[in-house]
Amino acid sequence: MDFWQSLGKAWAQIVAKTWTDEAFKKQVEADPVAVLKQYGVDVTGKVDIKLLPNTATGMIGLPLPAKPEGLGNQSSRLWAEGGTQFCSTCSTCSS
């Protein structure tokens, strides 16, 4: 299992546990990196973690990745115009 799959699986387990364990939720809010490490995922030097609580208004966080190296202006315009499928994970570009 690659890093991104491990991160996704661990995060799903962590989120589910926060729904039933208030003390654990407070741990996640205080230090999500340490909690991820407890679940076998060390994000140090790979990604920055910032919790974005989903509020009653339905706010969600959308990542804005950097332009991939080697992507020319013409290719960028194709993406902007919808001529290329959207990459939802960016794991290929950022790893």
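Author: Phe-24 is buried, at a relative accessible area of 4%, where buried means under 20% relative accessible area, exposed over 50% and partly exposed in between, with a 1.4 Å probe and protein chains only. This is a predicted model, in which local features need pLDDT of at least 70 and side-chain atom pairs count only at pLDDT 80 or more, while totals for chains, interfaces and linings use all residues. Residues are numbered from 1 along each chain as its sequence is written, and side-chain values use heavy atoms, leaving out hydrogens and water.

Reader: Where does Phe-24 lie, and which residues does Phe-24 touch beyond those up to four places away in sequence?

Author: Phe-24 lies in helix α2, helices being DSSP runs of H or I with at least four residues, and strands runs of E with at least two, numbered from the N terminus. Contact means heavy atoms within 4.5 Å, and on that basis Phe-24 touches Ile-14, Lys-17, Thr-18, Val-35 and Tyr-39, with residues up to four places away not counted. The C-alpha atoms of Phe-24 and Val-35 are 9.1 Å apart.

Reader: How many residues has the largest nonpolar core, and which helix gives the most to this core?

Author: In soluble globular proteins, nonpolar side chains tend to be buried together. A nonpolar core is a set of buried Ala, Val, Leu, Ile, Met, Phe, Trp, Tyr and Cys residues joined through side-chain atoms within 4.5 Å. Here the largest has 10 residues, including Phe-24, Ile-14 and Val-35; α1 gives the most, with 4 residues.
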